[in-house]
Amino acid sequence: MNKVAITACAGYEAAQVQTALKEALDLIGGLDWVRPHMKIAIKANLVSMLKPEAAATTHPALLQALAQMLCEKGAQVTIGDSPGGIYTKVYLDRIYAVTGMKEIAKNTDAKLNSDFSVKQAQFPQGKVNKEFAYTGWLDEADAIINFCKLKTHGMMTLSAAAKNIFGAVPGTVKPEYHYRFPEPADFADMIIDLNEYFKPCLHIIDGVVGMEGNGPTAGTPRPIGVLIASKNPHAADLLSASLIGLKPQEVPTLVAAQRRGLIPQTAEELEVCGIDWKKRIIPDYQLVKAVRSLRFNRGSEQFFGKISAAVMDRALASKPVLTPAECIGCKECFKVCPADAIKMINRKPKIDRKKCIRCFCCQEFCPKGALKVQRPLLAKILVK
Ligand code: SF4
Ligand code: SF4
């Protein structure tokens, strides 16, 4: 389960993506498992009402190429996601339009999800997430394919395969999860539990153009030129992290997956097939680094002692900081904050640092990128 395919894909022209996607899928066993009338859910990343060029969402050219391949095999394909915020037909229709999904439905036999039911799962095997709400459309599927985007992330440092499955949680319920799992280590375990519960049969990462900097919605598009595919989300993420210069210990979901023995310690230990990935490493990829790096690395508590680890956490913790000139006073941050830590004063958000649980939802959902993850000077000195 440590096999990962990586293929070159320089752009989103139809011919380019078809070739790169077929190559990647063939390297990990192809699509011979797809049977006529099989119901397949493609869980895309449709995080926000942003056009494909913003590099925040899975590119429609890739989703269309996959949908086409599956439909040609007679599968019944549905594409969907539950971004943050309300989970209704009206809202998702607007997201589908802006992110290019409606074109896919026009050009192929694939459908866009229109089932907005919410169900409850019992998962006693889960490490931290034994009972949870999820989007009901996934229940209809005989198989789930996870098709995500390679991005930086304020809270989790990396948004790729494993993190994308958080979209199985209805947007309206997501703030509650941030409250239940405020620590990145626990949040990561929750994400891994979700992956174990839904067990997508395939994970594909759109790394043709990734997002760097202030991700996962307000960063800068950065060409990486690759597609990554694997049956193991954490193996795909380990390779993705290595490509953009993130160490595994800087990514809470990778640390949690390693603790559970789901992946090796380094990308070098993966069974990578396709192009030479080491030649694709981007040394100057702009990262959101070391968010509470001591907290999710629990071994550090033994080293520093619990109390001093907590003090160090506070001193080293990254936090959302406003660039007032970029703020339009839309209140999205105020509405999305699960800790009620934001007050609007003179049409600008004021964050109560004592209440803030550093979930970075405000940074993620600010439509102008006016909130940015800031690392204290001490963290920059101590945690490289
Ligand atoms: S202020 Fe931002 S980071 Fe802090 S709890 Fe609210 S949404 Fe999360
Ligand atoms: S979401 Fe962004 S632009 Fe809107 S009020 Fe908050 S900081 Fe300002």
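I started at Asp276, which counts as exposed because it has 8 C-beta neighbours inside 10 Å. The cut-off for exposed is 12 or fewer. I kept in mind that this is a predicted model. Asp276 sits in the loop between β11 and α10 (293-296).

**Strand β11.** β11 covers residues 271-274. Val272 and Gly274 form its covered face, while Glu271 and Cys273 form the uncovered one. I looked for its partner and found strand β1 (residues 3-8), which runs parallel to β11 and is joined to it by four bridges. One pair I noted is Lys3 with Glu271 of β11.

**Strands β2 and β3.** I checked β2 (residues 39-44) next. Five of its six residues are buried, so I logged the strand as mostly covered. β2 pairs with strand β3 (residues 76-80) in the parallel sense, over five bridges. Ala41 has Thr78 in β3 as its bridge partner.

**Domains.** I looked up the domain assignment. It gives domain 1 as 3-280 and domain 2 as 293-382. Their centres, taken over C-alpha atoms, are 25 Å apart. In the contact list, 20 residues of domain 1 meet 19 residues of domain 2. Which elements give two or more residues to the domain 1 side? I found α6 (174-180), α7 (184-198) and α9 (252-259). α6 gives the most, with four residues. By class, that side of domain 1 has eleven nonpolar, six polar and three charged residues.

I followed up Leu239. Leaving out residues up to four places away in sequence, Leu239 touches Val4, Ile6, Ile228, Ala267, Leu270, Val272 and Trp277.

**Ligand 1.** I listed 13 residues around ligand 1. Cys337, Ala339, Cys356, Cys359 and Cys362 come nearest. The shell has twelve nonpolar residues, no polar ones and one charged one.

**Ligand 2.** 13 residues surround ligand 2. Cys327, Cys330, Glu332, Cys333 and Cys366 are the closest. By class I noted nine nonpolar, one polar and three charged residues in this shell.

Arg358 is not a glycine, yet its phi is positive, about 55 degrees. Arg358 is in the loop between β14 (348-351) and α14 (361-365). Is Arg358 buried or exposed? Arg358 has 24 other C-beta atoms within 10 Å, so it is buried. Phe360 lies in the loop between β14 and α14 as well. Phi of Phe360 is near 65 degrees, again positive in a residue other than glycine. Phe360 is buried too, because it has 23 other C-beta atoms within 10 Å. The cut-off for buried is 20 or more.

One more entry concerns Pro216. A cis peptide bond joins Gly215 to Pro216, with omega about 15 degrees. Pro216 lies in the loop between β9 (202-212) and β10 (220-230).

Key: Residues numbered from 1 in each chain as written. Chains lettered and ligands numbered in written order. Predicted model: local features only at pLDDT ≥ 70, side-chain atom pairs only at ≥ 80, totals over all residues. Near = placed C-beta within 6 Å. Nonpolar A, V, L, I, M, F, W, Y, C, P; charged D, E, K, R; others polar. Domains from an automatic or database assignment. Contact = placed C-beta atoms within 7 Å. Pairing = 2+ DSSP bridges.
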